[in-house]
Every structure is written in C-alpha cells, then in structure tokens.
Amino acid sequence: MPNPSAPRQNGKQLAPEVRKRNFEEVAQIFTKEEAQAEANRCLHCKNARCQANCPVGVQIPDFIALLKDGKVGEAASKIMETSLLPAICGRVCPQEKHCEGNCVLKERFGSVNIGMLERYTADTARKEGLLKAPQTAKPTGKKVACIGSGPSSIAAAAELARAGHDVTVFEALHAFGGVLRYGIPSFRLPREVIDHEIETVKSMGVKFVTDVLVGATEKIADLLKDFDAVYVGSGAGLPTLTGIPGENAVGVYSANEFLTRINLMQAFKFPETDTPIQVGKHVVVLGGGNSAMDAARCAMRLGPDSVTIAYRRSVAEMPARAAEVEHAKEEGVQFEYLVTPKEVLADDKGRVTGLKCTRNQLGEPDARGRRRPVEIPGSEFVMPVDTIIVAIGQKPNPIIAKTTPELKTTERGVLVLDEEGKTTMPGVYAGGDIIRGGATVLLAMKDGIEAAKRINAYLEGK
Ligand code: FAD
C-alpha cells in the first residue's frame, strides 16, 4: 500500500562549506532505501497530473511503480519511451513548475520527489548495465542533419533515428551538449552524465560531428544538397548586455563567457588547463535566472570575499529553479532584490571599482504577468565591486539567419514557424531556444520531438 504521508525524501547534499569551494556534484543520488521509501509515497493516480504537466509526457506513475517493484531497468526503459535524457532531466528540470508542482500530495504532505527518482532510476540502471537504447526502425534511406547538439537537437535526432533515418548532428563547438555542457556547471550536472546520455543516442546510430559552424563552414542550402531535411536546434547563445555606461570596463563578463570558460574550458583548473579565469574580491551578478545562479555559484567557488546577485524585481518573480536559489543562499551568495544597474564605475586603468544602481518598487504586471520594477526617485547608491557578471538573458546567434535569407526571423532574431511548425524554408524545421529565445531543457526537447514527427511525415511524402 502506498504511504503518501511518509516524510518526503530529499536525499543528501554536500555540506555548503565544503561544496562552495569545489565543483563536485551537490545533490547526492538516493540510496536504494530512500528511493524505495519515496517511490512508495506515489499514489499512482489514474489521471496523473504530474504526467499531464510534463512537457514530454514522461509516464511518471508507471516508472515509479516499476521502481517500487525493484525493476530499475524496466523503469528506465519506461522513462526513455518519451525522454532519452533521464539522468539530465532528473537533475536540471524545473520539477516544481511541471510534474512536482502538480502532484496531488503537494499541499498536504509534499510532492513526490519525482526529479530525484528519475535521476536514481537513470543512474542506477546505467551503473548496473540495465539501460537499453530504444529500438530503431529499419533504415528508410533518408538523411537528416541536426544543427547544434543541445537538448533540442539531441531529442530530435533520437526521435528521427527511432524512425529509421540516417541522422547527423553538427556542432559548432568542440564538445557536445549545448548549454548542458557550456552553461550548466558540473556541481549540478557532472560532465560524465552528459557523455553517457549522448552515448545512448550514438548507440542508436546517430552521428555527431564537432567543429562545424553552420553558416560559416557550410550553409543550410549546402546541407540540403546532401540531406533530405534539416533541423535547426542552434539555441540562443548570444549574450544580452545591459548597455549601461562603462560596461566595457575590465572586470565585466557576460555570463555566457564566464560560464563557458569555467564549464567548457575548465578554467577553474588553470594552469592545468589552457584557459584562465579571474574574479576579484567582490563579485556582483546581474539577473535572476538559472544563468545568474550558475554564474554566482561558480564565482563563489573561485574564492572571492563576497558574491551578490542583484535582481531588478523581487524573489517572487525570479525565474531560476527554486532549488538553485536555495543552494546559492546556503553557499553564502547574497541577494539584493529590486535593484537596477545604472553605470559601471572604473579607475584610471579602466578596471571596475563599483556599480551605480537605483532601487525599485514593484508596479503593474507585464505581458507575462510578472510585476514590473519601477525606479524609486533619488534612490541611487554604489555597490563597491570589482567584478560584474551580466546574466540578463540570451538571444540567438544571427549567423544562420544571416546566411539563410529564406529563413524568416522576428526582431528578436528567433526563427518564425507557421501553424504547422515549419520554418519559411522547405525541408527546414526548428525548435528549442532558437524559436523561443530562451526556455528550459524540457521545452527544447519537446520541440525537438515534435519537429521530428513533422520531419517523419514530410519524408514519408518525399
Ligand atoms: P542549446 O542548449 O543552446 O544548444 C545549441 C547548440 O547549438 C550549442 O551547442 C551551440 O554551440 C550550437 N550551435 C549554435 N549555432 C550553431 C551553428 N551555426 N552551427 C552548429 N552548431 C551551432 N533549463 C532547465 O530546464 N534547467 C536548468 O537548470 C537550466 N539552467 C540553465 C543554465 C544556464 C547557464 C543557461 C544559459 C540556460 C539554462 N537552462 C536551464 C535553459 C536550457 O539550458 C536551454 O533552454 C536549453 O539548453 C536550450 O536547448 P537548445 O538545444 O535549444 O539550445
């Protein structure tokens, strides 16, 4: 019998004072006993709201039931019917907004810890050799190119391989995974987890090629000479800056550069690695999303005296995953809410010495329902900092749009799709951050899976 009122298992975590100076994974995997106890809390609802609210429709009650029966391999296969990145999603999905946020136990006893159960299932199945790559259909003879190797292209590639197509993923960088690799730090998502999940997709026959910048190395029109269809999953890797005076001072980073140096180039191991990274004594990170939390927590691990997140709205409007905000606070990151940066101050050598800001109050909600920050007159103050990391959002890199005039984009540079999810160029489909401008891993995967189904239909008629 399920025991929903049993205490929710949260697993163990590295102690904040230990982890804030290293890049080891913070959240530890459930023990077998913790996993059993947590699985036993699930009521296996008939109309499972958790599943209905998962963007890719993971069969949550069914995989938890299999886990409860000790069938870890079968539980993993059940998840992988709809999501090929269970160890990644178990770690980084905003479960509080999707599955766990809709669990019937949420109000009375606390939601089932679905994220940790998904991660336990994937990690354990892998460790015990129980993970099976999905079957692929017999070869269709059709070839599809996927641009970018982030979650969106990976999901599309896997779905296309399942259908029997010959799929090649082209990645501009020297390593695969997109933001999973260059944005999300190893203390949240160990590199070997990304490698393992990409291996699963490779084992389905998908080819992965590095160092191909589509738009420069080859254009989409060139790809269409060799491939029957193209999926564009090139993300939104171009940083947005504030545009305030002084922003080009020495000591100002975009979160993109800061995180790429640390996560992709492993700059925290310099001089063992080639790429250096420097922070001063007092670091401020501008923004309130996942990038801001990751940048702040990475900065903390480089040993400054203080790290502060300055966000222009209040904690209620912060888009970051709740767990990351909590972890950042535990590690000593300070938060300044309702603050707008106005000017970067620098010394005569051009090095940052401070950040002039104003304080805000909350006004009317914006189009997305989040209350707008409204400046309080005369509230100017200076934060005495020597390092500033700007984490206020990203937009698509324009190279693909610029070199493919057939593709229509919006003013924000995101690709335009019609009601059927097609781009304006025949045979070219797109999804993930390149059409959303910035979203989540699961939404990017959902786009990839849906586009793959459209590509399958398109290729059937070709
Ligand atoms: P990306 O992951 O950006 O992958 C695109 C890939 O395409 C990149 O590898 C890029 O190098 C490659 N590429 C670009 N242009 C070309 C080209 N011309 N030719 C070839 N390759 C190209 N979401 C969550 O759900 N949970 C989180 O905890 C979370 N944390 C985040 C932390 C950070 C720092 C950031 C920036 C985002 C975070 N997100 C999180 C958002 C999430 O990671 C993205 O929404 C998701 O990765 C988008 O997937 P994608 O496949 O569309 O693009």
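Glu324 is buried, with a relative accessible area of 3%, where buried means under 20% relative accessible area, exposed means over 50%, and partly exposed lies in between (1.4 Å probe, protein chains only). The model is a predicted one, in which local features need pLDDT of at least 70 and side-chain atom pairs count only at pLDDT 80 or more, whereas totals for chains, interfaces and linings use all residues. Residues are numbered from 1 along each chain as its sequence is written, and side-chain values use heavy atoms, with hydrogens and water left out.

Glu324 is found in helix H14 (residues 322-330); helices (H or I, at least four residues) and strands (E, at least two) are DSSP runs, numbered from the N terminus. The side chains of Glu324 and Arg321 are joined by a polar contact of 2.4 Å. Such a contact is a pair of N or O atoms within 3.5 Å; within protein, one must be able to donate a hydrogen and the other to accept it, and residues adjacent in sequence count only if both atoms are side-chain atoms. Glu324 and Arg321 also form a salt bridge, defined as a side-chain nitrogen of Lys or Arg within 4 Å of a carboxyl oxygen of Asp or Glu. Both partners are buried. When neighbours within four places in sequence are left aside, Glu324 is in contact (heavy atoms within 4.5 Å) with Arg188, Asn290, Met293 and Arg297.

The salt-bridge rule gives a count of 29. Arg19, Arg188, Asp294, Arg297, Arg301, Arg321, Glu324, Glu330 and Glu331 are linked in a network of these bridges. Elsewhere, a salt bridge brings together the side chains of Asp123 and Arg119, with an N to O distance of 3.5 Å. Asp123 and Arg119 are four residues apart in helix H7 (residues 114-127) and are therefore separated by about one helical turn. An α-helix has 3.6 residues a turn, so residues three or four places apart point the same way. Asp123 and Arg119 are both buried.

A further salt bridge pairs Lys207 with Asp166, whose closest N and O atoms are 2.7 Å apart. This pair links distant parts of the chain, since Lys207 belongs to strand S3 (residues 207-209) and Asp166 to strand S2 (residues 166-170), 41 residues apart. Lys207 counts as partly exposed because its relative accessibility is 40%, and Asp166 is likewise partly exposed, at 28%.

The ligand has 37 residues around it, of which Val92, Glu171, Arg188, Val214 and Asp433 come nearest; a residue is near a molecule or strand if one of its heavy atoms lies within 4 Å of it. A polar backbone atom of Val92 is 2.6 Å from a nitrogen atom of the ligand, and one of Ala172 is 3.1 Å from a ligand nitrogen atom. For Gly178, a backbone N or O atom lies 3.5 Å from an oxygen atom of the ligand. The protein covers 94% of the 990 Å² of accessible area that the ligand has on its own, as given by the Shrake-Rupley method with a 1.4 Å probe; for residues, only the protein chains shown count as cover. Helices H8 (151-162), H13 (290-301), H15 (399-403) and H17 (441-460) are the elements that give two or more residues to the shell around the ligand. The largest share, three residues, comes from H13.
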